[in-house]
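Please look over the sequence and the structure below.

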Amino acid sequence: MDFQPSEQQVLVRDMARSFAEAELMPRATKLDRQGFIDPDIFEKMGELGLWGLTIPEDHGGAGMGNLELAIVLEEINRACASTGVTLSVHNSLLGSPIMQFGTQAQKDRWLPELASGKRIGAYCLTEPNAGSDAAAIATSAKLEGDEWVLNGTKIFVTNGAFAGLFVVYARTDTSVSKAKGISAFLVPKETPGLSIGKAEKKCGIRASSTTEVILENARIPKDALLGPLNAGFKVAMYTLDGGRIGIASQALGIGVAALEASIKYSREREQFGKPIGDFQAIQWKLADMSCQLEASRMLIHKAAWLRDRKENCTQAAAQAKLTASRAANYCADECLQIHGGAGYTDHFHVERLFRDARITEIYEGVSDVQRIVIARGLVPA
Ligand code: CAA
């Protein structure tokens, strides 16, 4: 067993850290308040190759793995969780299933534009009546001649406002059990009949985009089917295994930011004649935060390592997400407590960390879904 990061991993971590500290940290509060990410940030991410981090070099990407993506996502989310989820969804929920299930023509058509950031990716699974029960989706896809015709409404779509390519999950067979009649489709934004609906106003990650995606007789070519017909639920679940490692990395980054803010404040803030960090009550909080974050990092790196080896990482990804999201919320909560009344105001960015951490226990599978996935691995049916 080797805990030493490779030379490439150190380089990519340092690159992501420098970018995050220079471009995101000073602006994250402003982005949160304005409710969108400035376009120049996306351009700089393109120049650094972040959009194509895990896309193979022969399709214009950096050809790195899930472990490097996790390392980068920790750094980006330490500075700005809105930018972090945008990047995570793009790489893990769109690039990944095309690489795994796409035909050569689909890879050639879409991966270079995803790698450059010309098209940002979005993942359309959730519907008003299909959240945790993802197999209950009602959006339909019917073959008419050489075209699929899609109808339905997707909600909570990250990157919806500016995505150039959507992976849409739709029902293609109603005669079989729920999960067995779903297929995945690649739908570009210019598809007639595709429109972007309501943008959500959120508790946290406010600069990220979360919208409805509406499909009204949206016509796409027959070869837009991603993966085998009626095997789309497996495409969705395989994809989410990787996405959950991304969200776990996001949680870790937020938690690290909370620990760092807590250490800084506990040195600066004096009460009862000394820095509050001299009190054991504060020291124990910092110690517990660091243990939870380090344990999360180990689980994340193990899950990413398994995925890079093409081994099953379903359980490991769920363990990483469950643990890291709990750690992020614990750290953000304790951080706010350490900051006292000032932490509850906008004098510090810790109130943003507190709001941003909360979503990590919800999206890409709520914590109880992660427990279901973990328990099924422990006690097979
Ligand atoms: N990889 C590949 N195949 C998988 C799989 C995986 N990880 N997990 C399950 N499958 C397969 C199963 O083997 C099964 O196949 P067979 O029928 O051939 O045996 C099939 O898929 C159905 O699996 P289940 O019986 O486990 O399905 P289920 O209906 O019981 O659902 C669930 C299980 C874990 C609860 C699942 O519905 C789930 O993960 N729900 C949460 C959905 C979710 O995370 N949504 C987030 C949406 S994205 C988002 O948050 C927004 C964003 O943009 C960030």
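## A buried loop residue

I205 is buried, at 4% relative accessible area (buried means under 20%, exposed over 50%, partly exposed in between, with a 1.4 Å probe and protein chains only). The model is predicted: local features need pLDDT of at least 70, side-chain atom pairs count only at pLDDT 80 or more, and totals for chains, interfaces and linings use all residues. Residues are numbered from 1 along each chain as its sequence is written, and side-chain values use heavy atoms, with hydrogens and water left out.

I205 sits in the loop between β6 (194-199) and β7 (210-221). Helices (H or I, at least four residues) and strands (E, at least two) are DSSP runs, numbered from the N terminus. The phi of I205 is positive, about 30 degrees, although I205 is not a glycine.

## An exposed loop residue

K310 also has a positive phi, near 60 degrees, and is not a glycine. Most residues other than glycine have a negative phi. K310 lies in the loop between α8 (280-308) and α9 (314-343). K310 is exposed, at 72% relative accessibility.

## Nonpolar cores

A nonpolar core is a set of buried Ala, Val, Leu, Ile, Met, Phe, Trp, Tyr and Cys residues joined through side-chain atoms within 4.5 Å. The largest one here has 68 residues. I98, Y123, L125, V167, Y169 and I300 have the most contacts inside it. Helix α7 (residues 232-268) gives the largest share of this core, 16 residues. Apart from this core lies another, of 24 residues, among them L24, A28, A79 and I120.

What does V167 touch, not counting residues up to four places away in sequence? Its contacts (heavy atoms within 4.5 Å) include L93, L94, A122, Y123 and F185.
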